[in-house]
Amino acid sequence: MIRVRGLTKRYGDTLAVDHLTFDVNPGVVTGFLGPNGAGKSTTMRMILGLDTPTSGTATVNGRRYRDLSAPLHEVGALLDPGAAHPGRTAHAHLLWLARGAGLPRRRVEEVLDLVGLSSVAGRRVGGFSLGMRQRLGIAAALLGDPGVLLFDEPVNGLDPEGILWVRGLLGDLAAEGRTVLVSSHLMNEMQATADHVLVIGRGRLIADMGVAELTARGGSGGVRVASADPAALTAALAEEGASVRSGDGDALLVGGLDAARVGEIALHRRIALRELTPQRTSLEAAFMELTAGSVEHRSGSAPTPEGRPS
Ligand SMILES: Nc1ncnc2c1ncn2[C@@H]1O[C@H](COP(=O)(O)OP(=O)(O)OP(=O)(O)O)[C@@H](O)[C@H]1O
């Protein structure tokens with residue numbers, strides 16, 4: 001597991017990471033969520049011993065990274081997909097890493113197969129697309145078969161099939177009992193990928209909770225309903241105390257009643273429905289709600305829906 005206590009990093013006037021305290025537990029995918037510049041990469045770099053904390057500690061399996069005796073076997077990471085030498089082939093790059101860690105050549109072929117790069121293993125990395133580089137970075141992270149894995153924005157540059165593949169892989173790694181921490185600034189991506197989320201803003205921890213709980217915080221997303229007689233349906237729903245807005249086409253967006261109640265009211269008034277859909281609240285909406293309620297966060301600029309500071 002990963003344990004972070006009072007972790008702080010200051011770069012000159014910038015407080016990149018501000019007294020973070022959290023645990024990342026095995027067996028679940030933990031999303032590390034926050035807008036650009038929130039401090040995710042800096043935190044991951046400190047967990048990996050690539051940056052020294054100004055104060056506080058980060059440990060992997062109870063020890064600081066630099067005190068691990070066989071780091072590649074304990075923790076793997078995808079940080080910068082551009083890290084491989086462009087003149088090397090994918091196979092040579094991984095073999096170089098494997099030799100450094102005393103791993104057998106066979107393991108290189110295994111991870112190339114795992115990430116779907118076997119057929120291009122002999123090609124130079126310089127000619128790889130961003131998606132292929134991401135896969136190569138993931139292969140490198142998996143080389144030592146570590147129990148703890150950190151992925152910084154692993155779906156960057158991947159096509160939809162690649163994104164699904166990464167989600168499946170992360171889920172499989174967690175199901176094997178590994179500790180998986182994956183960062184993203186895309187709220188809805190985390191909703192599809194993570195079981196648990198750590199939300200940070202301006203270096204501070206804003207939330208540490210299950211995805212389901214965070215989504216529920218966004219409140220009900222209402223109900224979308226369409227019928228041949230929207231005017232009559234609007235009147236009937238309004239009588240029951242619902243708030244009703246027009247959606248696209250004949251659709252109505254109903255707040256204050258659940259889908260079952262909307263269906264009952266329509267049946268009672270003999271209004272045939274063409275559509276009745278509970279609207280899921282997105283993690284993004286919950287994130288906005290959460291950060292809007294954070295006094296510390298509001299003192300600066302609030303994140304926009306794209307997750308960038310406005
Ligand atoms: N080496 C550095 N020197 C100075 N400032 C830095 C350095 N690394 C990060 N920062 C600053 O620390 C803050 C946090 O950056 P960090 O890269 O950790 O955020 P992030 O959440 O990973 O964002 P992104 O998704 O954009 O990578 C930013 O304000 C950034 O400019």
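Trainee: What percentage of the 310 residues of the chain count as buried, and what makes a residue buried?
Mentor: The model is predicted, so local features require pLDDT of at least 70 and side-chain atom pairs count only at pLDDT 80 or more, while totals for chains, interfaces and linings use all residues. Residues are numbered from 1 along each chain as its sequence is written. Of the 310 residues, 37% count as buried. A residue is buried if 20 or more other C-beta atoms, placed from the backbone, lie within 10 Å of its own.

Trainee: How many helices and strands are in the chain, and what makes a run a helix or a strand?
Mentor: The chain has twelve helices and 13 strands.

Trainee: Why are α3 and α4 called oblique to each other?
Mentor: Helix α3 (residues 90–100) and helix α4 (residues 105–114) pack at about 130 degrees, with their axes 9 Å apart. The axes are lines fitted to C-alpha atoms over the stretch in contact, and angles run from 0 to 180 degrees between N-to-C directions. Angles under 35 degrees count as roughly parallel, over 145 as roughly antiparallel, 65 to 115 as roughly perpendicular and the rest as oblique. The pair is therefore oblique.

Trainee: Which residues of α3 and α4 meet?
Mentor: A90, H91, L94, L95 and A98 in α3 meet R105, R107, V108, V111 and L112 in α4; residues are in contact if their C-beta atoms, placed from the backbone, lie within 7 Å. These residues divide into seven nonpolar, one polar and two charged. Ala, Val, Leu, Ile, Met, Phe, Trp, Tyr, Cys and Pro count as nonpolar, Asp, Glu, Lys and Arg as charged, and the others, Gly among them, as polar.

Trainee: What is the angle between α3 and helix α5, and how far apart are their axes?
Mentor: α3 and helix α5 (residues 130–142) pack at about 25 degrees, with axes 10 Å apart. That angle makes α3 roughly parallel to α5. The contact involves A90, H93, L94 and L97 of α3 with L136, A139 and A140 of α5, of which six are nonpolar, one is polar and none is charged.

Trainee: Which element gives the largest share of the shell around the ligand?
Mentor: α1 does, with three residues. By class, the shell has three nonpolar, eight polar and one charged residue.

How values were computed:
Helices (H or I, at least four residues) and strands (E, at least two) are DSSP runs, numbered from the N terminus. Two residues are in contact if their C-beta atoms, placed from the backbone, lie within 7 Å. A residue is buried if 20 or more other C-beta atoms lie within 10 Å of its own, exposed if 12 or fewer, and partly exposed in between; C-beta atoms are placed from the backbone.
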